Amino acid sequence: MGLKLRPVLVFMMLTLFAASASAYELQTAKGGDLPLRWPGRTVELAISDSIPTSDNVRGADQAFDAIQRAARAWSEVSGIEIVFTGSKELSISPPGRKGDGVSLITIAQTPENLLLFTGSDAARPAVTRLFFDSKGRILEADIVLNPYFSTSTDGSPGSFDLESTMVHELGHALGLGHSEVLGASMRGNVARNGHFSLPFTSIRTLSADDIAGIRALYGPSSDDPTCCGSLSGTFGRVESIGTDRVVWLETKETGAVAAMTRVTKSGDFWIDGLQPGIYEVFTRDPFAGNGAEVLGTVEIVKNETSESETNTSGKSSRSVLSAAGFNGQLSSLAVPVNSGRSFKIYLAGTGQLSDLEIRVSAPGIRVDGASLEYPDYGKDISVAAFVIDIEDAVPEGEYSVRIYENGVLVDCLVGALTIESEPNPWSHRQL
């Protein structure tokens, strides 16, 4: 009797405010109990001839290199290898229970491909379709770049960055879902080049949350013998703590976001793929109006599962953060900044922000209190603008912006700032 195969579609959305999604989320089968993953450690994908020859790919002669770099981002941190071949095939497998056995990356305007971009899906820059068996083994992964949109390797304004898009879609092809960490490559939305008046290339670099997710599926790379440990906990009845509650860790030393996950319907959570170290553990449920709370400090040890405290009030917060911004724009994507420089940041949410203290999770990122101002973005949202000074020693990574009242944490926008090596030229002042 043959194996029963099932397809699943995964989209990268182009929106301002993303819908709820867990972080790092694993795609699953059998009611959410069985993570999807490739059965071996080598994945072979075929790049259609439609990509280097497409009029919608600017800098198409560099497309193969961009896709290979995207694959290396995942291979370098995990026990998985992605290899590529060329293909004259243009169309992905048709919908149904069984694929054609070819994992294809394409942008061709064929009827089979265009069917994925109709109706409300027309605005999506890419789609990944997986075929897997009853044991959760991925057998085929097809990736379609939206043929109606411009994609580029050269940062052309208004286009989607090909390498960034492929980093995200390859994460889906390997079994990852979307993330709520604003600076994660697996964040559920993406911007064109020109977002924040910058090239949108920050998700070419994997966040710690992305790395933890891929290691949870395939383990670390062979040259990282220290990894990994895990964290678990249970809140009990989920009705008392919110149905969209998440838990995340930030490194105690630097304040960088390490990983996040959603609490299950039974009130449990588990995060794997963590580097050993000391972490602070937080929780929040913004969709229920619950702000952030500190659960405590935990030590993660290799090959061990640590237990987290789960005491939470579950009470509504006076202010809940929803977006960060730069150059006057608000977004549910992280603001890319650089160490050793100064930037003006925007923060948005519900409730009044004018009487709250704003801090960043990294001790080396200082909020200039004298720079605070409160621009008017309409009656439905409260916005604060402020200048941050970033010390040279602050490492690359994702950092959270927090609000406090009388020294007590009110809420936190997880990974709202991402420190990158790619320069952001809009520095506010010299440090």
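In which loop is the place of Asn 303? Asn 303 sits in the loop that runs between β17 (290-300) and β18 (305-307). The model described here is predicted. Most residues other than glycine have a negative phi, and most peptide bonds are trans. Asn 303 has a positive phi of about 60°, although it is not a glycine. Its relative accessibility is 65%, so Asn 303 counts as exposed, the cut-off being over 50%.

Asn 406 also has a positive phi, of about 55°, and is not a glycine. The loop that holds Asn 406 lies between β26 (397-405) and β27 (408-419). Asn 406 is exposed because its relative accessible area of 77% is over 50%.

## The cysteines

How many disulfides does the model have? The count comes to one disulfide. A disulfide is a covalent bond between the sulfur atoms of two cysteines. In this model Cys 227 and Cys 228 form the disulfide, and their sulfur atoms are 1.7 Å apart. The torsion about the S-S bond of Cys 227 and Cys 228 is about 95°, so this disulfide is right-handed.

The peptide bond from Cys 227 to Cys 228 is cis, with omega near 15°. Cys 228 belongs to the loop between α4 (208-218) and β12 (229-234). Another cysteine, Cys 412, is buried at 0% relative accessibility.

## A sheet of three strands

β12 takes part in an open sheet of three strands. The order of the strands is β15-β12-β18, and their pairing is mixed. Why is one side of β15 (268-274) and of β18 left without a neighbour in the sheet? These two strands stand at the edges and each has a single partner strand, so one side of each has no neighbour there. On average, neighbouring strands of this sheet are turned by 20° against each other, with direction ignored.

β12 and β15 run antiparallel and are joined by five bridges. One of the pairs across these strands is Leu 231 with its bridge partner Ile 271 in β15.

How many residues of strand β8 (residues 126-132) are buried? Seven of its seven residues are buried. Both faces of β8 are covered. On one side are the buried residues Ala 126, Thr 128, Leu 130 and Phe 132.

β8 runs antiparallel to strand β9 (residues 138-145), and seven bridges join the two strands. β8 and β9 form a hairpin with five residues between them. In the turn of this hairpin, Gly 136 has a positive phi of about 80°.

Strand β19 (residues 320-326) is mostly covered, with six of its seven residues buried. Which residue in β22 stands opposite Ala 323? Ala 323 stands opposite Ala 348 in β22. β19 and strand β22 (residues 342-350) pair in the antiparallel sense over five bridges.

β19 is also joined to strand β20 (residues 329-331), by three bridges, and these two strands run antiparallel. Gly 325 has Leu 330 in β20 as its bridge partner. β19 and β20 form a hairpin with two residues between them. Asn 327, in the turn of this hairpin, has a positive phi of about 50°.

## A buried serine

Ser 152 is found in strand β10 (residues 151-152). At 0% relative accessibility, Ser 152 counts as buried, because the value is under 20%. Which residues does Ser 152 touch, not counting those up to four places away in sequence? Its contacts are Arg 58, Ser 159, Phe 160, Asp 161, Leu 162 and Asn 193.

Methods
Residues are numbered from 1 along each chain as its sequence is written. This is a predicted model: local features need pLDDT of at least 70, side-chain atom pairs count only at pLDDT 80 or more; totals for chains, interfaces and linings use all residues. Side-chain values use heavy atoms; hydrogens and water are left out. Helices (H or I, at least four residues) and strands (E, at least two) are DSSP runs, numbered from the N terminus. Buried means under 20% relative accessible area, exposed over 50%, partly exposed in between (1.4 Å probe, protein chains only). Contact means heavy atoms within 4.5 Å. Two strands pair if DSSP finds at least two bridges between them. Axes are lines fitted to C-alpha atoms, for helices over the stretch in contact, and angles run from 0 to 180 degrees between N-to-C directions. A disulfide is a pair of cysteine sulfur atoms within 2.5 Å.
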